[in-house]
Amino acid sequence: LQTLAQGATAAMKAGNDDEAVRQFNEIVVKIPTCADCYYNLGVIYAKRQQYTEAEAAFKKVAEMRPDSPDAYTGLANVYNAQKKFDLAAEVSQKAATLSGGAGGGASAEASYNQGVIFWNAGKFADAKTQFEAAAKADPGMAMAHYQLGMANLNLGQIPAAREAFSNYLKAEPNGPKAAEVQTFLKQLPQ
């Protein structure tokens with residue numbers, strides 16, 4: 001089983017998802033309590049947009065490890081991708097609470113995910129708060145700065161948008177949004 005687990009992990013890292021799924025499923029037949037196997041299956045299924053399977057896998061992890069923020073973050077991503085924003089918000093809040101968010105110390109990823117959920121629901125002020133928390137928790141998270149800039153734009157807060165976009169460029173000067181951000185910075189009033 002150790003060899004099978006190493007092979008499944010290696011296949012997943014190499015992008016050979018079919019082989020990884022086959023091996024992880026072989027392991028869970030023999031060890032139905034392999035939460036890491038179900039988590040990895042959830043990640044692969046979500047990547048493939050097989051949301052029913054991904055949801056089932058992440059729910060299995062949550063059953064086995066009810067205190068795992070990763071299971072709930074996975075579910076939030078699955079629900080968000082399906083535009084099930086209420087469910088996404090609910091499980092994302094659970095992930096934030098489990099990762100220390102109840103006291104305001106949520107992980108950057110949990111805050112960012114919560115921000116994306118609010119953004120998709122058109123709740124820009126709430127999204128801004130989450131993107132600020134993500135950027136504070138991880139100043140190098142370029143997409144948190146980008147989304148914070150976008151939220152500020154939507155709220156008409158131009159100086160704050162400029163600052164967030166500048167922080168994006170500091171974090172990722174050649175990132176996928178760099179050209180767009182540079183255009184914004186040229187067009188937005190000082």
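Start by selecting Pro159, Glu163 and Lys170 in this predicted model: these residues are exposed, on one side of helix H10.

Now show the whole of H10, residues 158-171. Its 14 residues should span 20 Å at 1.5 Å a residue, and the end C-alpha atoms are 20 Å apart, so the two values agree.

Next, colour Ala161, Arg162, Ala164, Phe165, Tyr168 and Leu169, the buried residues of H10. They cover an arc of only 165° around the axis, which puts them on the same side of the helix. As a reminder while you look down the axis, an α-helix has 3.6 residues a turn, so residues three or four places apart point the same way.

What covers that buried side?

For the next stop, move to Ser68, in the loop between helix H4 (51-64) and helix H5 (69-81). Is Ser68 buried or exposed? Its relative accessible area is 11%, so Ser68 counts as buried, the cut-off being under 20%. Beyond residues up to four places away in sequence, Ser68 touches Val61 and Leu98.

Leu98 is partly exposed, at 29% relative accessibility. Draw a C-alpha to C-alpha distance from Leu98 to Ser68: they are 6.9 Å apart in space, though 30 residues apart in sequence.

Finally, select the contacts of Leu98, leaving aside neighbours within four places in sequence: Pro66, Asp67, Ser68, Pro69 and Tyr72.

Conventions: Residues are numbered from 1 along each chain as its sequence is written. This is a predicted model: local features need pLDDT of at least 70, side-chain atom pairs count only at pLDDT 80 or more; totals for chains, interfaces and linings use all residues. Side-chain values use heavy atoms; hydrogens and water are left out. Helices (H or I, at least four residues) and strands (E, at least two) are DSSP runs, numbered from the N terminus. The expected span of a helix is 1.5 Å times one less than its number of residues. Buried means under 20% relative accessible area, exposed over 50%, partly exposed in between (1.4 Å probe, protein chains only). The arc is that of the directions from the helix axis to the C-beta atoms. Contact means heavy atoms within 4.5 Å.
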